[in-house]
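Look at the fold with two topics in mind.

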Amino acid sequence: MRISTRFTVLSVSITTLAALIALTAILLSEFNSRKAILNADIAARVAQGGEWARALHFSDVDGLQQELEVLLLSEPLLAGAASRNAAGDALQMVGNEPTLLPRPRTPNAEATSLSATTLKGPGAMRSAMIGGLELPYYYGISVPILSTVNPLTDIADAETYRVTAARNSTGARFVVGYVEVYAPLARLLIDLLPRANTLLVVVLILVVVAFLFVRSTVRRISRPMEQLATTADDISSGKIPRAINISGHRHDEIGDIANVLNGVIQGVHKMTAQLNVDRELMSLQVDSAKKQLSVAEAQVNQTRNRLKRVAYFDPVTSLPNRRLMLEQLNMLMLIAQREKRHLGVLVIDVENLRRVNESLGHEAGDSTLRTIASRLKDCLRSSDVVSVDDAPNDISRIGNNEFCAVLHGINETGDAIRTASRVYNTLSAPMEIQGASVAPVIKVGVAVAPEHGKRGEDLLRAADIAVTAARQRNLSEPLLFSRELDDAGSERFLLEADLRKANFDREFELHYQPQIDCDKGLVCGAEALIRWNHPKLGNVPPFKFIPIAEESGLIIDLGNWIIERAFADLADFRERRLDISKLSINISALQLTDELIDVVRNALTTHRLPADSIQLELTESLLVQDVDAVLTKLGILRNEVGVRLSVDDFGTGYSSLAYLAKFPLNELKVDRSFVVGMEADESAAKVTGAIIAMAKQLGLEIVVEGVDNPLQLQRLGEFGASVIQGFLFSRPLPKEALTSYIESQGWQDVLKSLD
């Protein structure tokens, strides 16, 4: 076979193989995505069914039958569903598949996590759309049902169960059973057929185009190349061939080669005549070239060293950078695997470096970094860390405010934790920078190989996840990586991406929870609460997306949207003559800026609302940040704009009585954690009473949130608190539902039942 033919076959084969691999990868990715979406949909639909836990607790087969049928009707891909108790015993099944197929929950799956797997059934499902292929496979999903009520607890009836669940809402959660569903794989594959057909046509077109292109190119190149090869052989053997005549007068590389060879043929006689003279001249030129080459080589070495320094070391601290650290980390991990020893990675984050730069300047920030690097070198042993070119480099700077230390030669995870604690204590001590005392805010994440990763990139990623979680939790100690942190980080990443592209007007809405003055028997206010109706995940709780919005900075836009929507709704309530004297809106610490003042002032003007009808609720942690700046902005909001101010969740943070006396507040809101604890803990009741008495002495209005039962209301009445917000009177309601609630005076029945 000729070389040109081989090259054509090889090129077309490679193109075909690459196209088929890409086709397979795309279809596998599409198939896995569909399974992931089905997992999320099933988990969301099960979460929306509010009676699962109760029905499983009482083995209510009729209730389970109804819930299972609703689940099957809501998801057309499912062919069967079953419910099981915590021990795995079947309680109720819908469809034929659950009785024939094994359970989808794998033995090593965590009890509280969703489990999904592919199952093989005794029968086969034939699909004409897949060429009559029989597919006896099903995709099974097992969703745990969690409850705050221990399934071993003896409870008389459903109402007692609901009260117990409400009382234990902040306690431990138990697995009371599982909901398992089965979807034939054929139904999932049917949706992929149009995509597969389209991609297959594209593959065939690419193969044909590749064949035609390669064939044309090879023919154009192979013939003149054979002429060139023959001429080159003649020249190498000492023959003087005739000049090469390439057809077409080519002006490409082949034409250039032909011209060169023709020049060689024409000049061979001249070169023979001048050979002796050229030999002498060549000797002189070689000597000169050697000297020039030596100088150039020295310059190249200097340049290479400078480039290596720039590529591998941080210019501020002269420490290895992330690239060099990863190279050495991979090498050390191979050594640790061979010696069957552990290897640890510490990621150290200097959280307040930006504030140092803003307050003292970037030179002070650089000095802080150098001081931290020096402290790390002093507190880490040489055997703890990465070494480069036999020179110990205690640490690496892998980001603007992040350092990394690699601990090799350790025997167990505990060694890494102890070293991390020593590093944390050393770096957290105050330091003197340009005459000012700077106390670094340090967060440390720890990961250990091989438990948390078998590659350098994986181990560093695990430590990055741990330090991110330490920042989010505001920990004052190192945090060891765990798989739960990784799952939470992935969920947060996906939610942040969805939050960035969310349409606020379509996906978000405000619910309002009324505040009842029990002494007067009136609605004295309401609190606006944000709700996210995710297009795929359904209702996402605020405690999941609000922290993400704050960390990503999206809370500014979301907060402005909440203000505009809440003001518009309050204006509508007033037009309907609904008696709501004030509307409370929660404000994040990141929102307390000059922009917030302008947004509130403009919204009041736009919707023609009296300023004292709006109350901004501030978290307790917001008051202890930059006190002077916060006090200035709150003074403008209270005294110039005229809105009311309240402290939300008082007693859960770090503020003192001095803050309550100093800041221009109208109201204090007692956190529900105190209310829930009153019934079981007399100390919690005393603290609640003390908070209420203290607020009265300071002349603050009092609202107690989280009141869910009459006993709590009675005890709060003894303490002198009359304005109540909680499930006892109403859950947070959509706008229209709140209107109906106020018009029907739905709270009056509750008050009468308590008399």
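The report below takes the cores, then the charged pairs.

This is a predicted model, in which local features need pLDDT of at least 70, side-chain atom pairs count only at pLDDT 80 or more, and totals for chains, interfaces and linings use all residues. Residues are numbered from 1 along each chain as its sequence is written, and side-chain values use heavy atoms, with hydrogens and water left out.

**Cores**

A nonpolar core is a set of buried Ala, Val, Leu, Ile, Met, Phe, Trp, Tyr and Cys residues joined through side-chain atoms within 4.5 Å. Buried means under 20% relative accessible area, exposed over 50%, and partly exposed in between (1.4 Å probe, protein chains only). The largest core holds 84 residues. F508, L637 and F729 have the most contacts inside it. Helix α18 (residues 555–575) gives the most to this core, 10 residues. Helices are DSSP runs of H or I, at least four residues, and strands are runs of E, at least two, numbered from the N terminus. Apart from this core lies another, of 30 residues, including L319 and V444.

**Salt bridges**

A salt bridge puts a side-chain nitrogen of Lys or Arg within 4 Å of a carboxyl oxygen of Asp or Glu. The count comes to 32.

| Pair | Closest N and O atoms |
|---|---|
| R418 and D415 | 2.4 Å |
| R500 and E496 | 2.9 Å |
| R576 and E736 | 3.1 Å |

R576 lies in the loop between α18 and β18 (583–587) and E736 in helix α25 (residues 735–744), so this pair ties together parts 160 residues apart in sequence. R418 and D415 both sit in helix α13 (residues 413–428), 3 residues apart.
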